[in-house]
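Dear colleague,

Please find below the structure that I am handing over to you. I would be grateful if you could look through it before reading my notes.

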Amino acid sequence: MESVNGKREQEEAGPSDGTKQEMTEKVSDALDDGKAEEEEVDEDEEGGTGVSKNGFFVPGPLVSLKEQIELDKEDESLRRWKEKLLGCLESLEGQLDPEVKFHSIGIISEDFAEIVTPLPVAENRNGCTLFTLREGSRYQLKLKFSVLHNIVSGLTYSNTVWKGGLQVDQSKGMLGTFAPQKEPYVYTLKEDTTPSGALARGVYSAKLKFEDDDRRCHMELKYLFEIKKSS
């Protein structure tokens with residue numbers, strides 16, 4: 001009975017000094033481990049890459065294509081693969097920021113084969129309609145452009161249309177990510193249909209804008225087009 005009562009009194013009194021010390025050491029070790037993991041995350045953030053405390057991925061610093069290719073120049077097969085992927089560039093200037101150079105904008109419609117306008121638009125064509133479409137007809141815009149210096153990531157477009165000073169339409173879309181290459185890219189935007197009816201006919205003004213992930217504007221084109229009665 002005395003041993004049972006003694007054990008009961010010990011349980012009610014709580015853990016012994018040795019047990020308390022052992023628990024304290026475990027808690028201290030756990031805190032140290034958590035602090036070490038936090039310091040590793042901080043180091044990753046300071047280095048410009050890794051996962052931040054809030055769980056978002058932190059991208060690394062922008063590196064020129066010249067540096068990217070020369071990183072593994074000793075590995076012949078890897079170097080050739082990089083050059084093929086990045087466009088087999090003959091001359092690399094080491095410029096960091098990508099540049100998108102637009103060569104032309106075309107209009108493809110069931111009314112005609114294709115009308116191509118060189119970019120930038122000639123001064124004598126400013127204020128002129130680039131194309132004319134019938135009401136209720138389907139059409140697509142076709143772009144020809146080159147990417148210079150570095151990879152352009154997340155290239156998007158927005159096309160806003162006004163008539164009589166009022167915005168009547170806006171379309172947005174993703175073109176994608178493009179690496180520099182010798183030959184220009186040709187990209188056709190999604191098909192659209194012109195409105196119909198007497199109120200739809202007339203001259204429209206529009207603004208076509210292209211931006212990348214870093215909000216760099218690579219082109220902003222203002223143009224006019226006309227919708228005529230379907231014959």
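The notes that follow concern aromatic pairs and salt bridges.

Please bear in mind that this is a predicted model.

Aromatic pairs

A search of the whole structure finds nine aromatic pairs. One of them is formed by phenylalanine 102 and phenylalanine 145, a tilted pair with 5.5 Å centre to centre and 45° between the planes. Phenylalanine 102 belongs to strand β3 and phenylalanine 145 to strand β6, so that the pair links distant parts of the chain, 43 residues apart. Both phenylalanine 102 and phenylalanine 145 are buried. Phenylalanine 178 and tyrosine 185 form an edge-to-face pair, because their ring centres are 4.8 Å apart and their planes stand at 65°. Phenylalanine 178 is buried at 10% relative accessibility, and tyrosine 185 is buried at 17%. Ring pairs join Phe102, Phe145, Phe178, Tyr185 and Phe210 into a cluster.

Salt bridges

The search of the whole structure also finds 11 salt bridges. In one of these, arginine 138 pairs with glutamate 191, with 3.7 Å between the closest N and O atoms. Since arginine 138 is in strand β6 and glutamate 191 in the loop between β9 and β10, this pair ties together parts 53 residues apart in sequence. Arginine 138 is partly exposed at 42% relative accessibility, and glutamate 191 is partly exposed at 47%.

Aspartate 212 and arginine 216 form another salt bridge, at 2.9 Å from N to O. Here aspartate 212 is buried at 5% relative accessibility, whereas arginine 216 is partly exposed at 24%. Salt bridges with shared partners connect Asp97, Asp212, Asp214 and Arg216 in one network.

With kind regards

Methods:
Residues numbered from 1 in each chain as written. Predicted model: local features only at pLDDT ≥ 70, side-chain atom pairs only at ≥ 80, totals over all residues. Heavy atoms only, no water. Phe/Tyr/Trp six-rings, centres within 6.5 Å; stacked < 30°, edge-to-face > 60°. Helix = DSSP H or I, 4+ residues; strand = E, 2+ residues; numbered from the N terminus. Buried < 20%, exposed > 50% of the residue type's maximum accessible area, 1.4 Å probe, protein only. Salt bridge = Lys/Arg side-chain N within 4 Å of Asp/Glu carboxyl O.
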